[in-house]
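Take a look at the model below.

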Amino acid sequence: MHAPPRPSPTPSRSPAPASSARTVPLWTGVVLALVFGALLALVAEAWEPLVSLDRHVADGLHPAAVEHHGWTRFVRVLSDWLWDPWTMRAALAVAVLWLLRRRDRLLGAWIACTSAVGTALQQGIKSAVGRPRPSWPDPVATAHYAAFPSGHALTATVTCGLLVWLLWRHGARAGGLYAALAAGTVSVLGVGFTRLYLGVHWLSDVVGGWLLGGALVAVSVGLFGMLTDRRGRTMTEGAS
């Protein structure tokens, strides 16, 4: 008897190239940047529905800030110390120093440059737009320079986004990664609320900071992935 012919094995599909996954953050960054650009145009033109919404939110929060002195002092501590841009930058500086000690100079420099670009974008756009901050006869806090976009919101978004990405790149366990993601989300949303509650920013300022910060992080992550892919291929080809 002849043994029945064995079925030919089904050819396995080759996995999608890793470089295709790198385009996801890049496209995310492009979409966020386009939405930010649209918001920037509306702010620059003082579009009435947006101005009305900003004023409605500000007028709704300010009386509570004036009345509840204890809660307002607590919110100021969060805004001026815990989530202050310099505190956020200091956290990134610690991460960069840790990377340098591990001799991961490229990633350390990349994170430092991304943070610096965020600060430069924020200051440049503030200067170009020159949007006034909310003005109150009985302010509970003060802030200087132009309003749009919120530097607190942008810096918190950039810092928390980069730190979560850094943990993911270094293989943090799921529990630690989720905890960092939760802390980052609370920080980003929380600092936005504090700036609105204290009456030093309009709602669109905060949303603009979130959008621009998110776009910067997404583009930075995507470009770094493409750079490391290219370096890896160059080293492989050189060794062959």
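This is a predicted model. Start where helix 6 stops: Gly171 follows the helix, and its phi is positive, near 70°. Now go to the other end. At the start of helix 6, Ser150 brings a side-chain oxygen to within 3.5 Å of the backbone nitrogen of His152.

Next, check the length. Helix 6 covers residues 151–169, which makes 19 residues. At 1.5 Å a residue, they should span 27 Å.

How much of helix 6 is covered? Of its 19 residues, 14 are buried.

Part of the setting is a nonpolar core. The largest one has 23 residues. Leu107, Ile111, Leu162 and Trp165 have the most contacts inside it. Five helices each supply at least two residues of this core: helix 1 (18–44), helix 4 (85–101), helix 5 (105–129), helix 6 and helix 8 (203–239). Helix 8 gives the most, with 6 residues.

Zoom in on Leu162. Leaving aside residues up to four places away in sequence, Leu162 touches Leu92, Ile111, Thr114 and Val217.

Where is empty space left? Rolling a probe the size of a water molecule over the atoms shows this. Here the count comes to 1 cavity of 30 Å³ or more. The largest cavity has a volume of about 40 Å³. Its lining is made by Arg89, Ser115, Gly118, Thr119, Leu154, Thr155, Val158 and Thr159. Helix 5 and helix 6 each supply at least two residues of that lining. Helix 6 gives the most to it, with 4 residues.

Terms used:
Residues numbered from 1 in each chain as written. Predicted model: local features only at pLDDT ≥ 70, side-chain atom pairs only at ≥ 80, totals over all residues. Heavy atoms only, no water. Expected span 1.5 Å × (residues − 1). Buried < 20%, exposed > 50% of the residue type's maximum accessible area, 1.4 Å probe, protein only. Polar contact = N/O pair within 3.5 Å; in protein donor to acceptor, adjacent residues only side chain to side chain. Core = buried A, V, L, I, M, F, W, Y, C linked by side-chain atoms within 4.5 Å. Contact = heavy atoms within 4.5 Å. 1 Å grid on protein atoms, 1.4 Å probe; cavity = no way out; pocket = protein on both sides within 12 Å on 5 of 7 lines; lining within 4 Å. Points joined across faces, edges and corners; volume = space filled by probe spheres on them.
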